[in-house]
Amino acid sequence: MPRSKVLASALTTALGLGLAVSLGASPAAAAPDDRAVSPANGKVAYAGSAEEAKANQAFFDAVVKSVAKKRAAAPGAAAVTVVYSASNAPSFRTQIARSTQIWNSSVVNVRLVEGSNPDFRYYEGNDSRGSYASTDGHGSGYIFLDYRQNQQYDSTRVTAHETGHVLGLPDRYSGPCSELMSGGGPGTSCRNAQPNAQERARVDQLWRYGLASAFKG
């Protein structure tokens, strides 16, 4: 899975596998690459660059703003609803559905729902950078799923990882396979598509408290 990306102006930030991130425009420009480097003995030796670290932070900042806006609009809601569209990624409908089920069963303060007027969209195609997510910085964006990468890596893991970016999680390439956001770091043999307890807790904390807790540790 690829790395992260930063877009200027309209599309301000994206993340990859490494894996990439996105919250409303259509895929045109690129952010920092989230791809894994050439595998050696079935493993990927990639730790992430300083540029990608900045992309992670920029994307997280954009998600935090989106959380704050959604929480302000529905202060009493038990869970914030994030709407997505999978119409532009028909080949990955099964993986998107699985990824949605995984996240909806893992956290309680945010819920992913397919519908019209989406907060983000899934797209599919060929991109040398691999799969990634991108945000416009205002709570809208997209996730791009690359065909080749999804053949090399477990496709549900790729999709769940990219969706994790939309929910506010950064890449952690040095993590073990049990850590969803380690992306392509553990190599192509890693098939885990489930966030671990720490990842679940971080998403719940962010979407429950928004800005009040987003920058605490």
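Predicted model: local features only at pLDDT ≥ 70, side-chain atom pairs only at ≥ 80, totals over all residues.
User: Which residues line the second largest pocket, and of which classes are they?

Analyst: The lining is made up of 10 residues, and those nearest the centre of the pocket are L169, R172, Q198, E199 and R202. Sorted by class, the lining has four nonpolar, two polar and four charged residues.

User: Why is R200 called partly exposed?

Analyst: R200, which has its place in helix α5 (residues 197-209), has a relative accessibility of 30%. Buried would require under 20% and exposed over 50%, so R200, at 30%, counts as partly exposed. Leaving aside residues up to four places away in sequence, R200 touches S106, V107 and P195. Between R200 and G164 there are 9.6 Å in space, C-alpha to C-alpha, although they are 36 residues apart in sequence.

User: How do you know that strands β3 and β4 pair?

Analyst: Pairing asks for at least two bridges between two strands, and five bridges join β3 (residues 80-88) to β4 (residues 110-114), so the two strands, which run parallel, count as paired. One of these residues, V80, has V110 as its bridge partner in β4. From β3 the chain crosses through helix α2 (residues 93-106) to β4, and this β-α-β crossover is right-handed.

Methods. Residues numbered from 1 in each chain as written. Heavy atoms only, no water. 1 Å grid on protein atoms, 1.4 Å probe; cavity = no way out; pocket = protein on both sides within 12 Å on 5 of 7 lines; lining within 4 Å. Nonpolar A, V, L, I, M, F, W, Y, C, P; charged D, E, K, R; others polar. Helix = DSSP H or I, 4+ residues; strand = E, 2+ residues; numbered from the N terminus. Right-handed = clockwise from strand over helix to strand, strands pointing away. Buried < 20%, exposed > 50% of the residue type's maximum accessible area, 1.4 Å probe, protein only. Contact = heavy atoms within 4.5 Å.
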